[in-house]
Amino acid sequence: MKQAFSRGDSLAVKGIAVMMLLFHHLYSALERFDSYPVSFFPFAQDDVVAVALMFKNCVSLFAFISGYGLLKSIASIPLNRRSVLIWNITRLLKLLSGFWFIYALVFVVSLCLDGLPIKTYFESSSVAGLCYLLNDFFGLANFFDTPTMNSTWWYMSAAILYVLLVPLLYLFVRRIGYLPVLAATAALPRLLNSDYPGGMDPYSFLLSILFGMLFAQYDVFGRIERRFPADNPRGFLLHFVVWGALVVLAYQISRNYGHTEAWELNLGVLPLAFLCFFRFCVIRIPGLRQVLRFLGRHSMTIFLIHTFIQFTYLEDFVYSFKNFALIFLVLLALSLAFSIPLDGLRKLCRYDRLIDALLHRITKKLAA
């Protein structure tokens with residue numbers, strides 16, 4: 001049976017999400033481009049900035065996909081201590097192994113270029129610097145608020161937390177259902193008078209993790225597909241109109257109530273409209289689907305390195321192209337130009353085979 005949200009579908013959505021991420025980082029704050037002569041023709045600058053701010057929900061899309069996949073995975077094992085421990089170790093090692101490969105390359109290259117690791121970690125003392133380095137290496141810099149070579153890597157801390165939380169969340173939702181857990185997650189910051197958790201706080205995207213789990217457990221995409229098939233022109237048009245209208249509504253809400261004011265909506269609920277629009281409309285388009293899947297396959301590496309291109313080393317070059325759309329395309333092209341050979345090098349080194357062999361040894365010992 002064809003999966004309602006297959007691996008190919010998730011790759012295609014990741015391809016869209018990573019483009020949203022680049023656009024968000026380029027234009028979501030005036031100070032990022034106000035020293036460059038950027039033209040936003042034929043749009044108004046404020047409109048482009050509003051879209052870029054809304055694209056913060058690209059993180060929600062990544063979190064939703066993580067929740068979807070993690071639920072499918074945890075639901076396939078018995079929920080006992082040993083099985084969950086093995087599951088946690090396996091998922092964490094797979095998550096971190098991809099990060100470690102890029103981290104090591106960035107560390108060596110940036111050390112040779114301008115000594116970035118020394119500047120980042122060792123400005124105070126060698127002992128503290130070593131702790132900072134290890135925190136960054138293990139994706140924990142955001143947890144401990146310690147220096148990092150790349151501020152975008154904050155999401156590694158969130159991803160680690162989500163892997164550890166999903167078994168617990170799964171137990172909760174099995175016992176009391178999704179509605180109370182979703183309601184409590186949305187209400188807790190308000191009840192504590194803490195408002196918006198923050199743009200780099202894992203809690204801000206916990207609703208998306210939960211929605212991903214819910215969609216996976218109840219096959220929501222499959223139910224919508226079976227009730228309203230999109231494999232014919234009439235059905236496709238229906239999906240395009242409905243989900244497209246909801247995306248426009250999401251934009252209006254985002255523009256009037258930013259994610260700092262209505263984070264539960266903008267980062268939790270409204271991204272579902274984007275996900276459905278992408279799932280039932282955008283990624284169904286032949287040709288475009290293949291391009292998006294290609295981007296999705298490289299999305300992890302693009303996410304990890306694009307900030308070095310945009311802010312650290314090639315900022316003047318990227319923004320020198322003046323037109324906002326061309327600047328975005330240049331950043332995307334440069335990110336791919338680095339990501340493709342890096343991912344190729346990873347395969348050439350048989351790095352993933354090494355990680356799989358290590359995982360096999362660890363799980364075999366734990367299962368004994």
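**Exercise 1.** Find which residues line the largest cavity in this predicted model, then sort them by class.

*Solution.* Start with the list: the lining is made up of Leu 53, Met 54, Lys 56, Asn 57, Ala 250, Ser 254, His 259, Asn 266, Leu 267, Leu 270 and Phe 274. Finally, check the volume, which is about 60 Å³.

**Exercise 2.** Compare the reach of helix 18 with its expected span, and work out what sits at its ends.

*Solution.* Helix 18 covers residues 324–348, so you count 25 residues. The expected span is 1.5 Å times one less than that number, giving 36 Å, and the helix does reach 36 Å from its first C-alpha to its last. After the helix comes Arg 350, with a positive phi near 55 degrees.

**Exercise 3.** Is Lys 322 buried, partly exposed or exposed, and what about Arg 350?

*Solution.* First place them: Lys 322 is in the loop between helix 17 (315–319) and helix 18, while Arg 350 is in the loop between helix 18 and helix 19 (351–367). Then use the cut-off: exposed means over 50% relative accessible area. Lys 322 has 48%, so it's partly exposed. Arg 350 has 53%, so that one is exposed.

Conventions
Residues numbered from 1 in each chain as written. Predicted model: local features only at pLDDT ≥ 70, side-chain atom pairs only at ≥ 80, totals over all residues. Heavy atoms only, no water. 1 Å grid on protein atoms, 1.4 Å probe; cavity = no way out; pocket = protein on both sides within 12 Å on 5 of 7 lines; lining within 4 Å. Points joined across faces, edges and corners; volume = space filled by probe spheres on them. Nonpolar A, V, L, I, M, F, W, Y, C, P; charged D, E, K, R; others polar. Helix = DSSP H or I, 4+ residues; strand = E, 2+ residues; numbered from the N terminus. Polar contact = N/O pair within 3.5 Å; in protein donor to acceptor, adjacent residues only side chain to side chain. Buried < 20%, exposed > 50% of the residue type's maximum accessible area, 1.4 Å probe, protein only.
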